[in-house]
Amino acid sequence: GLRGIVVENTLTKPGRDFYRQYVSAYNFKKINGEKILEVKELLAQGSNTQIQLKSADEVIFQFFVNPRSDYIDQMVDYAIQYTNIYFRNQKKNRNLIKKY
């Protein structure tokens with residue numbers, strides 16, 4: 001099946017920057033998740049936007065966009081941590097289900 005795919009659905013340059021850096025970190029750390037992930041940017045209040053990192057209909061991580069590059073870097077780090085936890089939990093749940 002398809003593995004390690006991250007699709008982009010962004011609206012702004014900081015959103016695209018986050019997507020590119022996230023995918024780069026995702027590949028560098030060889031996460032290769034079993035589910036397709038989506039980086040989705042939504043219009044929020046005023047001119048704010050929000051990024052959601054999603055798998056199917058589940059939001060793994062979300063934050064309000066700030067264009068500062070150090071902020072984007074930090075959000076990429078957090079998003080990668082949450083991605084790892086998400087896939088670990090998926091595997092754990094699958095193993096639990098198999099035991100019954």
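Residues are numbered from 1 along each chain as its sequence is written, and side-chain values use heavy atoms, with hydrogens and water left out. Because the model is predicted, local features need pLDDT of at least 70 and side-chain atom pairs count only at pLDDT 80 or more, whereas totals for chains, interfaces and linings use all residues.

Helices (H or I, at least four residues) and strands (E, at least two) are taken as DSSP runs, numbered from the N terminus. A nonpolar core is defined as a set of buried Ala, Val, Leu, Ile, Met, Phe, Trp, Tyr and Cys residues joined through side-chain atoms within 4.5 Å. Buried denotes under 20% relative accessible area, exposed over 50%, and partly exposed the range in between (1.4 Å probe, protein chains only). The largest nonpolar core comprises 24 residues, and Phe18 and Tyr22 have the most contacts inside it. At least two residues of this core come from each of α1 (13-28), β2 (37-43), β3 (49-55), β4 (58-64) and α2 (69-99). The greatest contribution is that of α2, with eight residues. With residues up to four places away in sequence not counted, Phe18 touches Val39, Ile51, Phe63, Ile72, Met75, Val76 and Ala79, where contact means heavy atoms within 4.5 Å. In soluble globular proteins, nonpolar side chains tend to be buried together.

Strand β3 is largely enclosed by the rest of the structure, because seven of its seven residues are buried. In a regular strand the side chains alternate between the two faces of the sheet. In β3, Thr49, Ile51, Leu53 and Ser55 point one way, while Gln50, Gln52 and Lys54 point the other way; all are buried.

Two strands are considered paired if DSSP finds at least two bridges between them. Strands β2 and β3 run antiparallel and are joined by seven bridges; Lys40 has Gln52 of β3 as its bridge partner. The hairpin of these two strands has five residues between them, and Gly46 there takes a positive phi near 60 degrees. The pairing of β3 with β4 is also antiparallel, over six bridges, and places Gln50 opposite Phe64 in β4. In the hairpin of β3 and β4, two residues lie between the strands, and Ala56 adopts a positive phi near 55 degrees.

With a salt bridge defined as a side-chain nitrogen of Lys or Arg within 4 Å of a carboxyl oxygen of Asp or Glu, the count comes to four. Asp17 is bridged to Lys13, with 2.8 Å between the closest N and O atoms. These two residues are four residues apart in helix α1, and therefore separated by about one helical turn. Asp17 counts as buried at 18% relative accessibility, whereas Lys13 is exposed at 51%. A network of salt bridges links Lys13, Asp17 and Arg20.

A salt bridge also joins the side chains of Glu34 and Arg94 (2.8 Å, N to O). This pair links distant parts of the chain, with Glu34 in the loop between α1 and β2 and Arg94 in helix α2, 60 residues apart. Both are partly exposed, Glu34 with a relative accessible area of 38% and Arg94 at 29%. Arg68 and Asp70 form a salt bridge through their side chains (3.0 Å, N to O). Arg68 is partly exposed, with a relative accessible area of 45%, and Asp70 is partly exposed, with a relative accessible area of 45%.
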